[in-house]
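Subject: Handover of a structure and notes on its fold

Dear colleague,

Please find below the sequence and the structure that I am passing on to you. My notes on the fold come after them.

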Amino acid sequence: MSFLYETHLHTVRSSACANSRGFEYIHLYKERGYSGIIVTDHFYNGNTAVSRNLPWREWVNRFCRGYEEAREEGERQGLDVFFGWEETFDDCDDYLVYGLDKDWLLEHPEVRNWTRREQYLALRAAGGCVVQAHPFRQHSYIRRIILSTGCVDAVEAANAGNYEQSYDALAMRYARRLGLPATAGSDIHETRQFYDGEIFGVYLEKKMNSIADYAEAIRNHGITGIAAGPGRCDYHGNEEVILPVEIRDRYDRKIGKNWKELLK
Ligand SMILES: [Zn+2]
Ligand SMILES: [Zn+2]
(Lines give C-alpha, C1' and ligand atoms only; values in the text may rest on other atoms or scores of the structure.)
(Ligands and ions follow the chains in the order given, each with its own letter.)
Protein backbone atom coordinates (compact mmCIF):
# COMPACT_ATOMS: atom_id res chain seq x y z
CA MET A 1 0.00 0.00 0.00
CA SER A 2 1.31 3.44 -0.79
CA PHE A 3 -0.04 6.94 -0.51
CA LEU A 4 0.43 9.70 -3.06
CA TYR A 5 1.00 13.34 -2.06
CA GLU A 6 1.36 16.65 -3.86
CA THR A 7 4.38 18.41 -2.36
CA HIS A 8 4.47 21.75 -4.23
CA LEU A 9 1.30 23.81 -4.69
CA HIS A 10 0.49 27.52 -4.82
CA THR A 11 -2.70 29.47 -4.15
CA VAL A 12 -3.67 32.92 -5.42
CA ARG A 13 -4.39 34.10 -1.88
CA SER A 14 -0.74 33.95 -0.91
CA SER A 15 1.35 33.59 -4.08
CA ALA A 16 1.41 36.56 -6.45
CA CYS A 17 1.98 34.32 -9.49
CA ALA A 18 -0.86 31.83 -8.78
CA ASN A 19 -4.36 31.91 -10.26
CA SER A 20 -6.43 29.39 -8.30
CA ARG A 21 -7.87 29.45 -4.81
CA GLY A 22 -6.91 26.58 -2.49
CA PHE A 23 -10.37 25.00 -2.46
CA GLU A 24 -10.46 24.74 -6.27
CA TYR A 25 -7.77 22.05 -6.29
CA ILE A 26 -9.41 19.61 -3.90
CA HIS A 27 -11.73 17.60 -6.13
CA LEU A 28 -9.07 17.38 -8.85
CA TYR A 29 -6.49 15.76 -6.56
CA LYS A 30 -9.15 13.51 -5.10
CA GLU A 31 -10.14 12.29 -8.55
CA ARG A 32 -6.49 11.52 -9.33
CA GLY A 33 -6.22 9.32 -6.26
CA TYR A 34 -4.03 11.55 -4.09
CA SER A 35 -4.17 11.04 -0.32
CA GLY A 36 -3.27 14.65 0.31
CA ILE A 37 -1.60 17.87 -0.77
CA ILE A 38 0.90 20.21 0.83
CA VAL A 39 0.29 23.91 0.18
CA THR A 40 3.64 25.69 -0.32
CA ASP A 41 2.98 29.33 -1.12
CA HIS A 42 5.79 31.76 -1.89
CA PHE A 43 7.13 32.98 1.43
CA TYR A 44 8.34 36.34 2.70
CA ASN A 45 11.38 36.78 0.43
CA GLY A 46 9.73 35.18 -2.57
CA ASN A 47 6.79 36.09 -4.77
CA THR A 48 4.35 36.49 -1.89
CA ALA A 49 0.93 38.05 -2.48
CA VAL A 50 0.88 39.42 1.06
CA SER A 51 2.18 42.94 1.71
CA ARG A 52 5.50 43.04 3.57
CA ASN A 53 4.37 46.31 5.17
CA LEU A 54 2.03 44.41 7.47
CA PRO A 55 3.03 43.66 11.05
CA TRP A 56 4.35 40.10 11.38
CA ARG A 57 1.25 38.64 13.07
CA GLU A 58 -1.01 40.02 10.35
CA TRP A 59 1.37 38.92 7.63
CA VAL A 60 1.36 35.34 8.91
CA ASN A 61 -2.43 35.33 9.29
CA ARG A 62 -2.91 36.40 5.70
CA PHE A 63 -0.16 34.15 4.37
CA CYS A 64 -1.88 31.12 5.92
CA ARG A 65 -5.26 31.92 4.34
CA GLY A 66 -4.36 30.18 1.08
CA TYR A 67 -3.65 26.99 2.98
CA GLU A 68 -6.63 27.35 5.30
CA GLU A 69 -9.08 27.72 2.42
CA ALA A 70 -7.71 24.53 0.90
CA ARG A 71 -7.83 22.66 4.21
CA GLU A 72 -11.43 23.67 4.93
CA GLU A 73 -12.53 22.28 1.56
CA GLY A 74 -10.29 19.24 2.03
CA GLU A 75 -12.09 18.47 5.27
CA ARG A 76 -15.44 18.68 3.47
CA GLN A 77 -14.38 16.39 0.63
CA GLY A 78 -12.03 14.07 2.49
CA LEU A 79 -8.59 15.06 1.21
CA ASP A 80 -5.78 15.76 3.67
CA VAL A 81 -4.27 19.23 3.31
CA PHE A 82 -0.97 20.15 4.97
CA PHE A 83 1.01 23.37 5.43
CA GLY A 84 4.44 24.26 4.15
CA TRP A 85 6.03 27.18 2.35
CA GLU A 86 8.58 28.03 -0.35
CA GLU A 87 11.27 30.57 0.54
CA THR A 88 13.57 32.32 -1.93
CA PHE A 89 17.16 33.55 -1.51
CA ASP A 90 18.91 36.20 -3.61
CA ASP A 91 15.91 36.15 -6.01
CA CYS A 92 17.43 32.94 -7.38
CA ASP A 93 17.13 29.71 -5.41
CA ASP A 94 14.00 28.32 -3.79
CA TYR A 95 13.49 26.01 -0.82
CA LEU A 96 10.42 24.04 0.17
CA VAL A 97 10.03 24.02 3.92
CA TYR A 98 7.98 21.38 5.71
CA GLY A 99 7.18 20.40 9.27
CA LEU A 100 6.20 23.61 11.02
CA ASP A 101 2.91 25.42 11.49
CA LYS A 102 1.34 28.84 11.81
CA ASP A 103 1.86 29.05 15.58
CA TRP A 104 5.54 28.38 15.13
CA LEU A 105 5.77 31.11 12.48
CA LEU A 106 4.00 33.61 14.71
CA GLU A 107 6.64 33.05 17.36
CA HIS A 108 9.59 33.24 14.98
CA PRO A 109 9.55 36.55 13.08
CA GLU A 110 13.32 36.17 12.59
CA VAL A 111 12.55 33.59 9.88
CA ARG A 112 12.40 36.57 7.47
CA ASN A 113 16.09 37.31 7.85
CA TRP A 114 17.61 33.87 7.83
CA THR A 115 20.50 32.78 5.68
CA ARG A 116 20.26 29.35 4.05
CA ARG A 117 22.31 27.89 6.88
CA GLU A 118 20.21 29.53 9.61
CA GLN A 119 17.08 28.28 7.90
CA TYR A 120 18.41 24.73 7.78
CA LEU A 121 19.64 24.65 11.38
CA ALA A 122 16.52 26.24 12.83
CA LEU A 123 14.16 24.05 10.81
CA ARG A 124 15.98 20.88 11.74
CA ALA A 125 16.09 21.85 15.42
CA ALA A 126 12.33 22.40 15.33
CA GLY A 127 11.63 19.06 13.64
CA GLY A 128 11.19 20.37 10.10
CA CYS A 129 13.12 19.90 6.89
CA VAL A 130 14.33 21.84 3.85
CA VAL A 131 14.15 20.68 0.22
CA GLN A 132 15.79 22.67 -2.56
CA ALA A 133 13.16 23.23 -5.25
CA HIS A 134 13.99 22.80 -8.97
CA PRO A 135 17.75 23.49 -8.48
CA PHE A 136 18.62 23.39 -12.21
CA ARG A 137 15.71 25.47 -13.50
CA GLN A 138 16.91 28.02 -16.07
CA HIS A 139 13.85 30.17 -16.68
CA SER A 140 14.33 33.79 -17.68
CA TYR A 141 13.71 35.29 -14.21
CA ILE A 142 16.62 33.35 -12.70
CA ARG A 143 20.03 35.05 -12.89
CA ARG A 144 22.15 32.16 -11.68
CA ILE A 145 21.85 28.62 -10.40
CA ILE A 146 22.73 28.36 -6.73
CA LEU A 147 23.28 24.85 -5.44
CA SER A 148 23.06 24.58 -1.68
CA THR A 149 24.84 21.30 -1.09
CA GLY A 150 24.96 21.35 2.71
CA CYS A 151 21.89 23.19 3.97
CA VAL A 152 19.17 20.89 2.64
CA ASP A 153 17.65 17.52 3.51
CA ALA A 154 16.52 16.64 -0.01
CA VAL A 155 16.34 17.83 -3.61
CA GLU A 156 13.21 18.30 -5.68
CA ALA A 157 14.24 16.32 -8.75
CA ALA A 158 11.04 16.33 -10.82
CA ASN A 159 9.14 19.61 -11.05
CA ALA A 160 6.19 19.77 -13.44
CA GLY A 161 6.65 23.55 -13.72
CA ASN A 162 10.06 23.12 -15.37
CA TYR A 163 9.97 23.84 -19.11
CA GLU A 164 12.79 21.44 -19.97
CA GLN A 165 13.17 17.77 -19.09
CA SER A 166 16.92 18.35 -18.73
CA TYR A 167 16.39 20.48 -15.61
CA ASP A 168 14.85 17.46 -13.89
CA ALA A 169 17.50 15.08 -15.19
CA LEU A 170 20.26 17.32 -13.80
CA ALA A 171 18.43 17.68 -10.49
CA MET A 172 18.03 13.92 -10.12
CA ARG A 173 21.68 13.34 -10.91
CA TYR A 174 22.59 16.05 -8.40
CA ALA A 175 20.43 14.48 -5.66
CA ARG A 176 22.06 11.10 -6.25
CA ARG A 177 25.56 12.58 -6.20
CA LEU A 178 24.83 14.26 -2.87
CA GLY A 179 23.19 11.09 -1.54
CA LEU A 180 20.02 13.00 -0.71
CA PRO A 181 16.41 11.89 -1.19
CA ALA A 182 14.77 13.03 -4.45
CA THR A 183 11.25 14.43 -4.42
CA ALA A 184 8.72 15.41 -7.08
CA GLY A 185 6.07 18.10 -7.13
CA SER A 186 3.79 19.86 -9.57
CA ASP A 187 4.68 23.46 -8.62
CA ILE A 188 1.08 24.00 -9.62
CA HIS A 189 -0.14 27.62 -9.78
CA GLU A 190 -3.61 27.05 -11.25
CA THR A 191 -6.08 24.21 -11.79
CA ARG A 192 -5.56 24.50 -15.55
CA GLN A 193 -2.39 22.45 -15.11
CA PHE A 194 -4.61 19.40 -14.64
CA TYR A 195 -5.76 19.77 -18.24
CA ASP A 196 -2.78 21.17 -20.13
CA GLY A 197 0.16 20.13 -17.98
CA GLU A 198 1.42 17.39 -15.71
CA ILE A 199 0.78 16.54 -12.08
CA PHE A 200 3.59 15.03 -10.00
CA GLY A 201 3.98 13.84 -6.42
CA VAL A 202 5.67 11.49 -3.99
CA TYR A 203 4.69 8.09 -2.64
CA LEU A 204 4.88 7.28 1.04
CA GLU A 205 4.37 3.91 2.65
CA LYS A 206 2.34 5.31 5.50
CA LYS A 207 -0.52 7.76 5.49
CA MET A 208 0.53 11.18 6.79
CA ASN A 209 -1.17 12.37 9.95
CA SER A 210 0.61 15.69 10.10
CA ILE A 211 3.23 17.59 8.17
CA ALA A 212 5.78 16.43 10.76
CA ASP A 213 5.36 12.95 9.24
CA TYR A 214 6.53 14.27 5.89
CA ALA A 215 9.57 15.99 7.42
CA GLU A 216 10.40 12.73 9.13
CA ALA A 217 10.00 10.75 5.91
CA ILE A 218 12.38 13.13 4.15
CA ARG A 219 14.98 13.07 6.90
CA ASN A 220 14.86 9.27 7.13
CA HIS A 221 14.91 8.61 3.37
CA GLY A 222 11.35 7.32 3.67
CA ILE A 223 10.04 8.38 0.25
CA THR A 224 9.20 5.16 -1.55
CA GLY A 225 8.82 6.59 -5.05
CA ILE A 226 8.00 9.61 -7.14
CA ALA A 227 5.16 10.21 -9.59
CA ALA A 228 6.54 12.05 -12.63
CA GLY A 229 6.27 11.79 -16.41
CA PRO A 230 8.11 8.83 -18.00
CA GLY A 231 11.77 9.61 -18.69
CA ARG A 232 11.43 12.91 -16.91
CA CYS A 233 14.53 12.42 -14.78
CA ASP A 234 16.62 10.38 -17.25
CA TYR A 235 20.14 11.77 -17.36
CA HIS A 236 21.99 11.61 -20.67
CA GLY A 237 25.15 13.54 -19.82
CA ASN A 238 24.75 16.17 -22.55
CA GLU A 239 22.37 18.45 -20.62
CA GLU A 240 23.17 22.12 -21.05
CA VAL A 241 23.55 24.72 -18.36
CA ILE A 242 23.64 28.25 -19.75
CA LEU A 243 23.40 30.15 -16.45
CA PRO A 244 26.34 30.69 -14.11
CA VAL A 245 26.37 28.07 -11.35
CA GLU A 246 27.31 28.89 -7.77
CA ILE A 247 27.93 26.02 -5.37
CA ARG A 248 27.59 26.54 -1.62
CA ASP A 249 28.74 24.36 1.27
CA ARG A 250 27.22 23.56 4.65
CA TYR A 251 28.33 26.92 6.02
CA ASP A 252 26.51 28.58 3.11
CA ARG A 253 29.87 29.69 1.73
CA LYS A 254 30.56 29.77 -2.01
CA ILE A 255 33.03 27.10 -3.03
CA GLY A 256 35.02 27.08 -6.23
CA LYS A 257 33.83 23.69 -7.43
CA ASN A 258 32.56 23.21 -10.98
CA TRP A 259 29.05 21.77 -11.40
CA LYS A 260 30.25 19.25 -14.00
CA GLU A 261 32.71 17.89 -11.47
CA LEU A 262 29.93 17.62 -8.93
CA LEU A 263 27.67 15.66 -11.28
CA LYS A 264 30.37 13.43 -12.80
ZN1 LIG B 1 5.20 31.06 -8.39
ZN1 LIG C 1 6.82 26.88 -6.36
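The notes below go from the overall dimensions to the sheets, the helices, the core and a few backbone details.

Please bear in mind that this is a predicted model.

**Overall dimensions**

The protein contains 9 helices and 12 strands. Its C-alpha trace spans about 50 × 40 × 35 Å along the principal axes. For 264 residues, a compact globule would have a radius of gyration near 18 Å, and the 17 Å found for the protein agrees with this. Of the 264 residues, 47% count as buried. Among contacts between residues at least 6 apart in sequence, 76% join residues at least 24 apart.

**The sheet of 9 strands**

An open sheet with mixed pairing is formed by 9 strands, in the order S8-S7-S5-S4-S3-S2-S1-S9-S10. Its edge strands are S8 (182-185) and S10 (223-227), each of which pairs on one side only. On average, and with direction ignored, neighbouring strands of this sheet are turned by 30° against each other.

S1 (residues 3-9) and S2 (residues 36-42) pair in the parallel sense over 3 bridges, and Val39 in S2 is the bridge partner of Leu9. Helix H3 (residues 65-77) packs on the sheet, where it touches S2 and S3 (80-89). The direction of H3 makes about 160° with that of S3.

S2 and S3 are also paired in the parallel sense, over 7 bridges, with Val39 standing opposite Phe83 in S3. S3 and S4 form a hairpin with 3 residues between them, and Asp90 in the turn has a positive phi of about 50°. S3 is mostly covered, as 8 of its 10 residues are buried.

**The sheet of 3 strands**

A further open sheet, again of mixed pairing, has 3 strands in the order S6-S11-S12. S6 (145-148) and S12 (254-255) are its edge strands, each pairing on one side only. S11 (residues 245-248) pairs with S12 in the antiparallel sense over 2 bridges, and Lys254 in S12 is the bridge partner of Arg248.

**Two helices with a buried face**

Which residues of helix H5 (residues 116-125) are buried? They are Arg116, Gln119, Tyr120 and Leu123. Seen down the axis of H5, these residues fall within an arc of 95°, so they line one face of the helix. An α-helix has 3.6 residues a turn, so residues three or four places apart point the same way. The buried residues of H5 pack against S3, S4 (93-98), S5 (129-133), S6 and S11. Just after H5, Gly127 takes a positive phi of about 95°.

In helix H8 (residues 211-219), the buried residues are Ile211, Tyr214, Ala215, Ala217 and Ile218. Viewed down the axis of H8, they lie within an arc of 160°, so these residues too line one face of their helix. H8 is followed by His221, which has a positive phi near 55°.

**The nonpolar core**

The largest nonpolar core has 72 residues, and those with the most contacts inside it are Ile37 and Val131. Helix H6 (residues 165-178) gives the most to this core, with 7 residues. Leaving aside residues up to four places away in sequence, Ile37 touches Tyr5, Glu6, Leu9, Tyr25, Tyr29, Leu79 and Val81. In soluble globular proteins, nonpolar side chains tend to be buried together.

**Backbone details**

Most residues other than glycine have a negative phi. His134, in the loop between S5 and S6, has a positive phi near 25° although it is a residue other than glycine. Is His134 buried or exposed? With 26 C-beta neighbours inside 10 Å, His134 counts as buried, the threshold being 20 or more.

Asp187 lies in the loop between S8 and helix H7 (193-196). Asp187 is not a glycine, yet its phi is positive, at about 50°. Asp187 is buried, with 26 other C-beta atoms within 10 Å.

With kind regards

Technical notes. Residues are numbered from 1 along each chain as its sequence is written. Chains are lettered from A and ligands numbered from 1 in the order in which they are written. This is a predicted model: local features need pLDDT of at least 70, side-chain atom pairs count only at pLDDT 80 or more; totals for chains, interfaces and linings use all residues. A residue is buried if 20 or more other C-beta atoms lie within 10 Å of its own, exposed if 12 or fewer, and partly exposed in between; C-beta atoms are placed from the backbone. Helices (H or I, at least four residues) and strands (E, at least two) are DSSP runs, numbered from the N terminus. The arc is that of the directions from the helix axis to the C-beta atoms. A nonpolar core is a set of buried Ala, Val, Leu, Ile, Met, Phe, Trp, Tyr and Cys residues joined through C-beta atoms within 7 Å. Two residues are in contact if their C-beta atoms, placed from the backbone, lie within 7 Å. The radius of gyration is taken over C-alpha atoms; the globule rule is 2.2 Å times the number of residues to the power 0.38. Two strands pair if DSSP finds at least two bridges between them. Axes are lines fitted to C-alpha atoms, for helices over the stretch in contact, and angles run from 0 to 180 degrees between N-to-C directions.
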